[in-house]
Amino acid sequence: MPQIFVDGRAIQAESGQSVLAAALAGGCDLPYFCYHPALSVAGSCRVCVVQVEGRSWVEIACNMPATEGLRVLTDSELVREHRKSMLELTLLNHPVDCGICDKAGECSLQDYHYKYNGQPSVSLDAKVRLTKYHPLSERIVLDNERCILCSRCVRFTREISKTNALGIQERGDHSLVRAAEDGSFDKDAYSDNVVDICPVGALLSRSFLHRARVWYLEPTPSVCPGCSRGCTVNLWHRKREWKLHALDPARNTSIERVTPLENPQVNGPWICNKGRDLAKVFDRPRATQAMIKGTPVELAAAVEAARELIGAARRPAALVSSWGSNEELAAFHAAFGARFASYVKDDWLPQPGEVVEDGFLIRADKNPNNAAARARLPSWRERGEHFAAGTDLVLVWGEGFDLAQVPTTAKTIRLDGYASADHARADVFMPISIQTERRGHYTNFQGVVSAFSPCFAAAPSVADAEALFAALVAVTESAA
Ligand code: SF4
Ligand code: SF4
């Protein structure tokens, strides 16, 4: 464990660490573009330079091993001068079109320019014009004028997603990032991570393109329910103070984009493209109307009818949601554990065309909380998907089950957050809140527990499943 000194301050480095990584971990503020902690060193942007005390030249900190007793300066006159020159070079052909760039507000070049340079361009030549809108894949477009050739995106496809889908063509100020012609970038299930790691606004997500300025949005920490990996994510949505009133009010309660929430135990700094598309899951048409035999009723009337059915049942069964949170599963167990024959169902199965499983993050189980549910209850699939003879009531919680499979002699209670024509077939249907409207935890397949928080308030006509289970059992017990 070597000790280094940065601007005279002692920092304990890890063995094999670079000066840049050790200094950043020690709380120093050093600029960098091409360095990324999860990627190999490229050493191309040259802005992370430091000066070793006693030397009359600067060196890049990302490729300098932290060795015992090394003393470096990050703010000497030589370092400041070099850093400023490198930023001027980086900006030489950059269009500085921050006003229309999706990265504005999150751009390292913007930040460093104001922090370390802040001068207008000294060049008298016209900037080199390049492609402004190059389709790299069906999901990502590239603005070549904004690209600073840091090669992070190229190294990502080589070292992380391992598709080798991106490369740099040509030389000098005509260098261009381009995708391999075999379409491998389109097939890269992790391709959208390059949008996050691009330090400038060169790589842009088509789904988020010009959709919102980032300062109108806020992130809510959450967990991707797309598979049993349970990657931690940030769900970005409009801030309350920037609510839209006329343009499209539905966008006040929609997910604008999804980004990884770095988690060394689960997903590191990455997520797959399915996680990026969570808006397609959460923004589906919702179920907001309680029903008794397909007839709309007040939620309280549906709850009362469900209580009566439960009280009258002799052999009740339940199919439990593998998207239910740990808290909801505990509430379900406390309410019905002793009385119901309960099984965990797969709410979601792999969809046509999706990557089922790979050796990186994506898991074949497309449900976020099967691990916690299966720790309490047996699997419906492994049971052979049949109800015991004499079952007279079936409670179905969540998606992934067709009520036509219930014996015709049994009554049905259904709880779901999304709209489906099947709900009208239930004897009692109660709409429940979805993940973006409640707080809770999922346990992933490794046993790691991650929390999610609400982004929006649920409609008043929608029940909270945890509270609903408790309410139903209170009357069941008193009736018994
Ligand atoms: S597109 Fe972005 S990540 Fe890729 S080389 Fe250019 S600046 Fe770097
Ligand atoms: S790997 Fe699974 S949990 Fe992670 S982002 Fe993709 S679908 Fe979501």
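**Helix α4 and its cover**

I listed the buried residues of α4: Arg152, Cys153, Val154, Arg155, Phe156 and Thr157. Buried means under 20% relative accessible area, exposed over 50%, and partly exposed in between (1.4 Å probe, protein chains only). Helix α4 spans residues 152–159 and is mostly covered, with 6 of its 8 residues buried. Helices (H or I, at least four residues) and strands (E, at least two) are DSSP runs, numbered from the N terminus.

I then looked up what covers the buried residues of α4. The cover includes β8 (166–169), β9 (176–179), α5 (184–187), α6 (193–197) and β10 (203–205). Contact here means heavy atoms within 4.5 Å.

For the record, this is a predicted model: local features need pLDDT of at least 70, side-chain atom pairs count only at pLDDT 80 or more, and totals for chains, interfaces and linings use all residues. Residues are numbered from 1 along each chain as its sequence is written, chains are lettered from A and ligands numbered from 1 in the order in which they are written, and side-chain values use heavy atoms, with hydrogens and water left out.

**Cavities**

I found 3 cavities of 30 Å³ or more. A cavity is a set of points, on a 1 Å grid over the protein atoms alone, where a 1.4 Å probe fits but cannot get out; lining residues have an atom within 4 Å of a point. Points are joined across faces, edges and corners, and a volume is the space filled by probe spheres set on them.

The second largest cavity has a volume of about 100 Å³. It has 16 lining residues, and the closest to its centre are Cys147, Cys150, Cys153, Cys198 and Leu203. Helices α4 and α6 each supply at least two lining residues. I sorted this lining into 14 nonpolar, 1 polar and 1 charged. Ala, Val, Leu, Ile, Met, Phe, Trp, Tyr, Cys and Pro count as nonpolar, Asp, Glu, Lys and Arg as charged, and the others, Gly among them, as polar.

The largest cavity holds about 180 Å³. Its lining divides into 7 nonpolar, 6 polar and 5 charged residues.

**Ligand 2**

I checked the shell by class: 7 nonpolar, 3 polar and 2 charged residues. Among them are Cys224, Cys227, Cys231 and Cys272. A residue is near a molecule if one of its heavy atoms lies within 4 Å of it.

**Asp346**

Is Asp346 buried or exposed? Asp346 is buried, at 15% relative accessible area. The side chain of Asp346 makes a polar contact with that of Arg381 (2.8 Å).

Note on methods:
Polar contact = N/O pair within 3.5 Å; in protein donor to acceptor, adjacent residues only side chain to side chain. 1 Å grid on protein atoms, 1.4 Å probe; cavity = no way out; pocket = protein on both sides within 12 Å on 5 of 7 lines; lining within 4 Å.
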